[in-house]
Amino acid sequence: MILNGQDKTEALGRYLGERVKAYDILALIGDLGAGKTTFVKALAEGMGFHGDVTSATFAIVNIYKGDPPLYHFDAYRLRDEEDFFQVGGEDLLGDAAVSAIEWANLIEESLPENYLVLEFRRIDETTREITAKGVGPRGKELEQEVAKYEDTRL
């Protein structure tokens, strides 16, 4: 789907934030500046969190309390899957939280059997292309939610 403007990326994030539930995992893939963190901020808002949501690049994981909580991971600085394991990432993915993982392709082997891949591609300064692919039954349900969102935009 093509999203023209940051507000459209935010709208998708809020939409999914209203639909995710505990144990859902969103694997976010895309280059720097593609809109992943913008999406996560709006996801948190859609989940009912209204505080500051910041990049997790230096912290590796930011935890936002809510029902369910949101775990915002950024795997950009990790060298490999072992680093993810060392910071407790695999354990956190088993918690009753929603996990949004930026640069998830770097820790792909650590992902469980159900998740939604959202691939962000920067077309120009304001336009993004986002592709959704569900893995496992719950991942496929979330993929269908993205498709429903896209249908409502037409």
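Q: What is the volume of the largest pocket?
A: Keep in mind that this is a predicted model, so the number comes from computed coordinates. The largest pocket comes out at a volume of about 290 Å³.

Q: Which residues are the closest to the centre of the largest pocket?
A: There are 20 residues lining the largest pocket. Of these, the ones closest to its centre are Gly-33, Ala-34, Gly-35, Lys-36 and Thr-38.

Q: Which helix gives the most to the lining of the largest pocket?
A: Two helices each put at least two residues into the lining: α1 (6-17) and α2 (36-46). The one that gives the most, with three residues, is α2.

Q: How many residues of the lining of the largest pocket are polar?
A: Start with the other groups: four lining residues are nonpolar and six are charged. The polar group has 10.

Q: Why is strand β5 largely enclosed by the rest of the structure?
A: Side chains in a regular strand alternate between the two faces of the sheet. In β5, Val-98, Ala-100 and Glu-102 sit on one side, Ser-99 and Ile-101 sit on the other, and all are buried. Buried here means under 20% relative accessible area. So β5 (residues 98-102) is largely enclosed because the buried residues number five of the five.

Q: Which residue in β5 is the bridge partner of Asp-74?
A: Strand β4 (residues 70-74) runs parallel to β5, joined to it by five bridges. Strand β2 (residues 25-29) is also parallel to β5, with four bridges, and its Leu-28 pairs with Glu-102. For Asp-74, the partner in β5 is likewise Glu-102.

Terms used
Residues numbered from 1 in each chain as written. Predicted model: local features only at pLDDT ≥ 70, side-chain atom pairs only at ≥ 80, totals over all residues. Heavy atoms only, no water. Buried < 20%, exposed > 50% of the residue type's maximum accessible area, 1.4 Å probe, protein only. Pairing = 2+ DSSP bridges. 1 Å grid on protein atoms, 1.4 Å probe; cavity = no way out; pocket = protein on both sides within 12 Å on 5 of 7 lines; lining within 4 Å. Points joined across faces, edges and corners; volume = space filled by probe spheres on them. Nonpolar A, V, L, I, M, F, W, Y, C, P; charged D, E, K, R; others polar.
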